[in-house]
Amino acid sequence: GRLLLYSLLFPFVLVIAWLPLELLVVPLVRSALSRRTQQRQSVPKQKLRIVYTCVSAFVFVSFCVINPITRTILSAIGDCAVFDVDGESTMTFLRLDLAITCGSSAHNLIKKTAWFLFVLWPVGVPLMYSLLLYKCRVAILRGSANHKL
């Protein structure tokens with residue numbers, strides 16, 4: 001029972017956290033693979049258009065999901081429920097998956113992964129937004145839509 005629930009929670013957290021990154025990488029890889037079949041002159045404009053579309057999609061999707069992902073990551077780090085066992089002793093379980101005892105090896109693995117994802121999402125995504133705004137500041141101030149990243 002516990003192994004099954006743990007094996008479902010861990011991939012769920014990883015898929016949710018990596019989904020917007022997959023939306024960015026998949027079209028770029030597809031574009032790189034299809035480059036061989038297209039003419040050389042049209043590749044740079046088409047590739048640039050695909051990159052802009054992917055970045056726009058990533059920014060939109062990441063903005064929409066950053067709060068629930070952050071909440072899930074922080075819950076995995078230390079949101080433990082305390083249960084009274086016999087009136088004198090208590091046990092703590094992870095609220096995301098009550099089959100996982102807080103402080104166990106399974107919880108420690110989840111916490112390590114969650115700390116990595118914490119750096120990637122609640123810290124890294126706003127930094128990426130800041131970097132994109134900084135790189136596009138001239139175009140934003142001019143009101144022009146076309147600016148090379």
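Which strands form a hairpin, and how many residues lie between them?

Author: The model is predicted, so local features are given at pLDDT of at least 70 and side-chain atom pairs at pLDDT 80 or more, while totals for chains, interfaces and linings use all residues. Residues are numbered from 1 along each chain as its sequence is written, and side-chain values use heavy atoms, without hydrogens and water.

The hairpin is formed by strand 2 and strand 3, with two residues between them. Strands (E, at least two residues) and helices (H or I, at least four) are DSSP runs numbered from the N terminus, and two strands pair if DSSP finds at least two bridges between them. Here strand 2 (residues 90-94) runs antiparallel to strand 3 (residues 97-101), and two bridges join them. L94 has D97 of strand 3 as its bridge partner.

L94 also belongs to the largest nonpolar core, where it is among the residues that touch the most other members. Such a core is a set of buried Ala, Val, Leu, Ile, Met, Phe, Trp, Tyr and Cys residues joined through side-chain atoms within 4.5 Å. This core has 14 residues, and its largest share, six residues, comes from helix 3.

C102 lies in the loop between strand 3 and helix 3 and C80 in strand 1 (residues 80-84), so the pair ties together parts 22 residues apart in sequence. With buried meaning under 20% relative accessible area, exposed over 50% and partly exposed in between (1.4 Å probe, protein chains only), C102 is buried at 15%, whereas C80 is partly exposed at 24%.
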